[in-house]
Amino acid sequence: MAEYNEDAYRLARKAYIEYSCPFERALLSCCVSCDRSRKLSLAEREAIACSDPVVREHCLAFYQDLHENAQFALRINPDAPWPFGKEIRAQCGGVRGLSAALDGPTDEATDIAASVLQGRARFGDIADFPYSEIMRAVVHYEPRKRRP
């Protein structure tokens with residue numbers, strides 16, 4: 001059986017996906033949605049690309065602020081890589097928490113880009129989002145359990 005060449009995959013991914021989605025893991029786990037995302041198949045894997053580079057910049061800023069705020073809430077060493085489960089909790093719980101602060105849906109129908117844009121309209125800058133409320137949703141988010 002042939003080994004996967006991860007370096008070749010990363011190069012192909014970088015060449016094929018112009019704007020990657022910062023919330024790719026949340027979208028692939030189907031805990032939230034985004035009307036600006038595109039699902040792609042690349043080397044027998046699924047990837048998510050963003051079709052709107054302007055909105056992607058807002059999502060990226062929210063993603064970075066979310067991670068900075070979630071480090072304490074999820075007890076993560078800032079110098080260590082994020083474990084997959086905590087990354088999912090941050091992404092899914094963070095987007096759902098923002099949507100809850102905006103009185104929107106808090107399930108799989110939660111749209112990432114729409115929530116970020118509504119948050120900017122209501123709170124102004126992304127740094128002014130209600131991260132104390134959002135962190136409660138991050139801490140309480142439970143990823144789906146593995147199938148036996």
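Helices and strands here are DSSP runs, numbered from the N terminus. On that basis, Arg-75 sits in the loop between α3 and α4. The model is predicted.

**Helix α3**

- Helix α3 runs over residues 53-73, 21 residues in total, and spans 30 Å from its first C-alpha to its last, close to the 30 Å expected at 1.5 Å a residue.
- Its buried residues are Val-55, Arg-56, His-58, Cys-59, Phe-62, Tyr-63, Leu-66, His-67 and Ala-70.
- An α-helix has 3.6 residues a turn, so residues three or four places apart point the same way.
- The cover over the buried residues of α3 includes β2 (45-50), α4 (84-101), α5 (112-123) and α6 (131-140).

**Helix α4**

- Helix α4 has 18 residues and reaches 25 Å between its first and last C-alpha, close to the 26 Å expected at 1.5 Å a residue.
- Most of α4 is covered, with 14 of its 18 residues buried.
- Ser-99 belongs to α4. Ser-99 counts as buried because its relative accessibility is 3%, and the cut-off for buried is under 20%.
- Setting aside neighbours within four places in sequence, Ser-99 contacts Gly-104, Pro-105, Thr-110 and Ser-115.

**Positive phi after the helices**

- Most residues other than glycine have a negative phi.
- Arg-75, which follows α3, has a positive phi near 55° and is not a glycine.
- Arg-75 counts as exposed because its relative accessible area is 74%, and exposed means over 50%.
- With a relative accessibility of 67%, Asp-103 is exposed.

**Largest nonpolar core**

- The largest nonpolar core holds 33 residues, of which Phe-23, Phe-62, Ile-112 and Ile-134 touch the most other members.
- At least two residues of this core come from each of α2 (24-28), α3, α4, α5 and α6.
- Helix α3 gives the most to this core, with six residues.
- In soluble globular proteins, nonpolar side chains tend to be buried together.
- Ile-112 is in contact with Phe-23, Leu-27, Val-32, Ser-33, Cys-34, Cys-59 and Val-95, leaving aside neighbours within four places in sequence.

**Leu-117 in helix α5**

- Leu-117 lies in α5 and is partly exposed, at 31% relative accessible area.
- Not counting residues up to four places away in sequence, Leu-117 touches Arg-36, Val-55 and His-58.
- Both Val-55 and His-58 are among the buried residues of α3.
- The C-alpha atoms of Leu-117 and Cys-59 are 8.7 Å apart, while the two residues are 58 residues apart in sequence.

**Cavity**

- Rolling a probe the size of a water molecule over the atoms shows where empty space is left.
- One cavity of 30 Å³ or more is found in the whole structure.
- The largest cavity contains about 50 Å³ of space.
- Its lining consists of Cys-21, Pro-22, Cys-34, Arg-36, Ser-37, Ala-49, Cys-50, Arg-56 and Cys-59.
- The elements giving two or more residues to this lining are β2 and α3.
- By class, the lining of the largest cavity has six nonpolar, one polar and two charged residues.

- The largest pocket has a volume of about 300 Å³.
- It is lined by 14 residues, and those closest to its centre are Ser-29, Phe-84, Ile-88, Pro-143 and Arg-144.
- Helix α4 gives the most to the lining of the largest pocket, with four residues.
- The lining of the largest pocket divides into seven nonpolar, two polar and five charged residues.
- The second largest pocket contains about 160 Å³ of space.
- Cys-21, Pro-22, Glu-24, Arg-25, Tyr-63, Trp-82, Glu-87 and Gln-91 line the second largest pocket.
- Helices α2 and α4 are the elements that give two or more residues to this second lining.
- Four nonpolar, one polar and three charged residues make up the lining of the second largest pocket.

Notes: Residues are numbered from 1 along each chain as its sequence is written. This is a predicted model: local features need pLDDT of at least 70, side-chain atom pairs count only at pLDDT 80 or more; totals for chains, interfaces and linings use all residues. Side-chain values use heavy atoms; hydrogens and water are left out. The expected span of a helix is 1.5 Å times one less than its number of residues. Buried means under 20% relative accessible area, exposed over 50%, partly exposed in between (1.4 Å probe, protein chains only). Contact means heavy atoms within 4.5 Å. A nonpolar core is a set of buried Ala, Val, Leu, Ile, Met, Phe, Trp, Tyr and Cys residues joined through side-chain atoms within 4.5 Å. On a 1 Å grid over the protein atoms alone, a cavity is a set of points where a 1.4 Å probe fits but cannot get out, and a pocket is an open set with protein on both sides within 12 Å along at least five of seven lines; lining residues have an atom within 4 Å of a point. Grid points are joined across faces, edges and corners, and a volume is the space filled by probe spheres set on the points. Ala, Val, Leu, Ile, Met, Phe, Trp, Tyr, Cys and Pro count as nonpolar, Asp, Glu, Lys and Arg as charged, and the others, Gly among them, as polar.
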